[in-house]
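Try each task before you read its solution.

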Amino acid sequence: MSINTTGLHHVTAVGGEPQRNAEFYVRTLGLRLVKRTVNFDDPGSYHLYYGDESGKPGTLMTFFPRPDAPAGRRGTGQATTTSFSVPANSIGWWRDHLAETGVTTGRIANRDSEDVLTFDDPDGLQLALVAHPQGDPRDPWDNGHVPAEHAIRGLHSVTLSVAEEEPTAEMFGDLGLTFVGQDSNRLRFSAGAGGPGAIVDVLVTPGVARGLVSTGTVHHVAWRAPDEETQANWRAELVDAGVKVTSILDRQYFRSIYFREPGGTLLEVATDQPGFAIDEPLLELGRALKLPPWLEPDREQIERTLPKLNLPSENNPELV
Ligand code: ZN
């Protein structure tokens, strides 16, 4: 296959209460809410996107907040940890910051010369902060809650838990990922030039029960395609290889296709363009509810259904 994704585009999880979700990702983790829209497949609920200043691919963590959904269960067939990249000397600052904000963390672990700090978000979603010894060249977003020198630079990696190693490893090979090493039952693959934002770890856990995707678990993991033409070519190749792939869906800020890796995790390939400034100015990202043209006629009803959501930084306009 000629598929060669350059890295992660976004990770999407199921969240709980949207206000609590926004408080945590904006205030505690210091990300920017770059889009406030609805789940296009379920317009009665939000789809919240967090990322860097402009929401560049590879910095994006997104949520379907479903306050009434049951708690999910972490397990095989899922992305079980989502990791963010922080500067090489910032892990200690983050441990203190998380403790001050009431977040319980594990001990700082050193894995493959990277420092790793693991914790859960308010809905039990497992996250990690990873400091890569060579650092991360991506620009920080400074929203006043986390100093720029320590700020998250974007996604570092995801960890998928699978019962069987080979089928998943084979599909990652088909997507253009390279096997870079193994530590016990953890296999590391990287895309493109590698480094933070281009890594997936596959944890082989045959004895662990299958996970259940609901609140506090990852819904899907998206990989980057540079443009629509390339995405269409990749889709055709996956179809030829017998993979069940959706049609190309218009997600307003990118185009998407979805398919499952053999271990069970839902994957997506999303285009880099057009991005989040397509329907509101860069300076105002995330402040207003944005709907795609086909849902605009239902705006009044949608706004009535959605719970209230105050952007945390709206209380501190000087920090925006
Ligand atoms: Zn997605």
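**Exercise 1. Find which protein atoms are donors of the zinc ion, and how they are spaced in sequence.**

Step 1: Look around the zinc ion for its protein donors, which are His10 (NE2), His220 (NE2) and Glu268 (OE). They lie 1.9 to 2.0 Å from the ion.

Step 2: Now go to the sequence, where the spacing of these donor residues reads H-x209-H-x47-E.

**Exercise 2. Decide whether leucine 127 is buried or exposed, and list its contacts.**

Step 1: Locate leucine 127 in strand E8 (residues 126–131).

Step 2: Its relative accessible area is 0%; because buried means under 20%, leucine 127 counts as buried.

Step 3: Set aside neighbours within four places in sequence; the contacts of leucine 127 then include Phe24, Tyr25, Leu29, Thr81, Phe84 and Leu117.

Step 4: For contrast, take asparagine 39, which is 88 residues from leucine 127 in sequence and 23 Å from it in space, C-alpha to C-alpha.

**Exercise 3. Work out where the pLDDT is below 50.**

Step 1: Begin with the whole chain: the mean pLDDT is 95, and 98% of the residues reach 70 or more.

Step 2: Then turn to residues 314–320, where the pLDDT is below 50. This stretch has 10 contacts in the model beyond near neighbours in sequence.

Step 3: Where pLDDT is low, predicted coordinates should not be read in detail.

Terms used: Residues are numbered from 1 along each chain as its sequence is written. This is a predicted model: local features need pLDDT of at least 70, side-chain atom pairs count only at pLDDT 80 or more; totals for chains, interfaces and linings use all residues. Side-chain values use heavy atoms; hydrogens and water are left out. Donors are N, O and S atoms within 2.8 Å of the metal (3.2 Å for Na, K and Ca); water is not among the atoms, so sites may look incomplete. pLDDT is the predictor's confidence in each residue, from 0 to 100. Contact means heavy atoms within 4.5 Å. Helices (H or I, at least four residues) and strands (E, at least two) are DSSP runs, numbered from the N terminus. Buried means under 20% relative accessible area, exposed over 50%, partly exposed in between (1.4 Å probe, protein chains only).
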